[in-house]
Amino acid sequence: MPKPLDPATKKQLAARVNYYRDMGIYDFYRRPVDGESAAAIEAVETDSEPPQSPLPVIQDKPAALRTIREDIGDCTRCRLHQGRKNIVFGVGSVNADLMFVGEGPGADEDEQGEPFVGRAGQLLNNMISAMGLRREDVYIANVVKCRPPGNRTPEKDECDTCSPFLMRQIAVIRPKVIVALGAVAAKNLLAMNDSMANLRGRWYDFRGAKLAVTYHPAYLLRDPRQKKETWKDLQMVMKYLGLKAPAKEPQE
Ligand code: SF4
């Protein structure tokens, strides 16, 4: 018969479990444990309050993000670690109402360790400015945090391995709106397999946030004709967030 836990240890364990729940982690992989420890964990989980909302409020967001980054560590969980120079975690305001999610880092991002800093990043910056915001007002991250070789599309198993970190980032930032940039981000966030034409142009509910899908800036560089459609998607987001496009500079 396992010994009951003393109140102090029980409180500490409950705080730990609740802390992870606040980070959006509900599933744990356990090493085999002896009967006493297993009973202790079970007691804590039974006593802990179930999460009340899909996106719990995190008080110290910078600390929570640091914890996620520490958990990623010098990650070798998928094969994408083999060619990377830098893990590209995410950047922006921890209090952002708007979060952009892309596919994965390219060469410039891998070099600098920051998402969307190359040509596609410049276009994303222009899109953000057109919405009346600055890059530092939003949060930007990718589904995979290491550059796929030759900028290939990340494989499903790579996305599945890495995306829990993104989900935890979303749980910390708690944006009002998420914009999925491109099919890879959309399919991973929504677990739907459909064409971009069908995925974009409407709202989805995503863990307490609204989610919209639009074209990836890298795609727009290849096919600028889709910029008009992208602007329609961004206007939908602006309307929801009460944003106004900045007035145009007077022409000389
Ligand atoms: Fe780890 Fe993600 Fe990089 Fe894969 S892509 S090695 S899971 S950080």
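Student: Which elements do the buried residues of helix 5 pack against?

Tutor: They pack against strand 2 (98-102), strand 3 (139-142), strand 4 (177-181), helix 9 (217-222) and helix 10 (227-241). Contact here means heavy atoms within 4.5 Å. Helices (H or I, at least four residues) and strands (E, at least two) are DSSP runs, numbered from the N terminus. This is a predicted model, where local features need pLDDT of at least 70, side-chain atom pairs count only at pLDDT 80 or more, and totals for chains, interfaces and linings use all residues. Residues are numbered from 1 along each chain as its sequence is written, and side-chain values use heavy atoms, with hydrogens and water left out.

Student: Which residues of helix 5 are buried?

Tutor: A120, G121, L123, L124, N125, M127 and I128. Buried means under 20% relative accessible area, exposed over 50%, and partly exposed in between (1.4 Å probe, protein chains only).

Student: How do you know that the span of helix 5 agrees with 1.5 Å a residue?

Tutor: The expected span is 1.5 Å times one less than the number of residues. Helix 5 (residues 119-130) has twelve residues, so it should span 16 Å. Its end C-alpha atoms are 17 Å apart, which agrees.

Student: What follows helix 5?

Tutor: G132 follows helix 5, with a positive phi near 85°.

Student: Why is G182 called buried?

Tutor: Its relative accessibility is 9%. The cut-off is under 20%, so G182 counts as buried. G182 lies in the loop between strand 4 and helix 7 (183-190). Residues up to four places away in sequence aside, G182 touches M196, T214, Y215 and H216. G182 and T214 are 32 residues apart in sequence, yet 6.0 Å apart in space, C-alpha to C-alpha.

Student: Why is A191 called exposed?

Tutor: A191 has a relative accessible area of 71%. Exposed means over 50%, so the word applies to A191. A191 lies in the loop between helix 7 and helix 8 (196-199). Its phi is positive, about 50°, although A191 is not a glycine.

Student: And what makes R207 partly exposed?

Tutor: R207 has a relative accessible area of 41%. That value falls between 20% and 50%, so R207 is partly exposed. R207 lies in the loop between strand 5 (204-206) and strand 6 (209-214). R207 also has a positive phi of about 50° and is not a glycine.

Student: Which residues are around the ligand?

Tutor: I72, C75, R77, C78, L80, H81, R84, K145, C146, T161 and C162. Each has a heavy atom within 4 Å of the ligand.
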